[in-house]
Amino acid sequence: MKTLIQLCLIAVVLYGCAGGINPKDTAAVEAAFSKYEESDGKAIFKEKCARCHGYRLPETRTTEKWPKIIDRMAPKAKLTDDQKSAVLAFVTKHGKTS
Ligand code: HEC
């Protein structure tokens, strides 16, 4: 039982680190981002949001969840208020609706 719990923990940690699109995989990044029209929010997201983890794309979270997440991530990514609003607009526009 204990081993099972440990295995689960390891899986969660690995999944957490690998979560999102690896920014070094340029082909995957371009493919993933080509579906969104160009906007300031998209450009800022692309530039700032994969420094610590892979890209967590807008459609991987609900539009309801994004504002709280962006509140947490904006200081980490050192976004200005304008950049923060632009990124929030981008992710909520393409976020999951349910
Ligand atoms: C300085 C490092 C850093 C930067 C830059 C950063 N993040 Fe994060 N992010 C983290 C850490 C650490 C976690 C895990 C802890 C947490 O959830 O607060 C995380 C978690 C997340 C999650 C999962 C949270 C959840 O509740 O589902 C999302 C989505 C996310 N970040 C999006 C972003 C976006 C969008 C940006 C760009 C505005 C960004 N991150 C920039 C460090 C960073």
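**Exercise 1. Find what the buried side of helix 3 packs against, and where on the helix that side lies.**

The buried residues of helix 3 pack against helix 2 (26–33) and helix 5. Before going on, note that this is a predicted model, where local features need pLDDT of at least 70, side-chain atom pairs count only at pLDDT 80 or more, and totals for chains, interfaces and linings use all residues. Residues are numbered from 1 along each chain as its sequence is written.

Step 1: Helices (H or I, at least four residues) and strands (E, at least two) are DSSP runs, numbered from the N terminus. A residue is buried if 20 or more other C-beta atoms lie within 10 Å of its own, exposed if 12 or fewer, and partly exposed in between, with C-beta atoms placed from the backbone.

Step 2: list the residues. Gly-41, Lys-42, Ile-44 and Phe-45 are the buried ones in helix 3. They cover an arc of only 165° around the axis (taken from the directions from the helix axis to the C-beta atoms), which puts them on the same side of helix 3.

Step 3: recall the general rule. An α-helix has 3.6 residues a turn, so residues three or four places apart point the same way.

**Exercise 2. Check the length of helix 5 and sort its faces.**

Step 1: helix 5 (residues 81–94) has 14 residues and, at 1.5 Å a residue, should span 20 Å. The expected span is 1.5 Å times one less than the number of residues. Its end C-alpha atoms are 20 Å apart, so the two agree.

Step 2: pick out the buried residues, which are Val-87, Leu-88, Phe-90 and Val-91. Seen down the axis, they fall within an arc of 165°, so they line one face of helix 5.

Step 3: ask what covers the buried residues of helix 5. The cover includes helix 3 (40–48) and helix 4 (66–76), where contact means C-beta atoms, placed from the backbone, within 7 Å.

**Exercise 3. Describe how helix 3 and helix 5 meet.**

Step 1: the two pack at an angle of about 100°, with their axes 7 Å apart. Here axes are lines fitted to C-alpha atoms, for helices over the stretch in contact, and angles run from 0 to 180 degrees between N-to-C directions.

Step 2: name the arrangement. Helix 3 and helix 5 are therefore roughly perpendicular; that label covers 65 to 115 degrees, while under 35 is roughly parallel, over 145 roughly antiparallel and the rest oblique.

Step 3: find the partners. From helix 3, Asp-40, Gly-41, Lys-42, Ile-44 and Phe-45 meet Gln-83, Ala-86, Val-87, Ala-89, Phe-90 and Val-91 in helix 5.

How values were computed
Contact = placed C-beta atoms within 7 Å.
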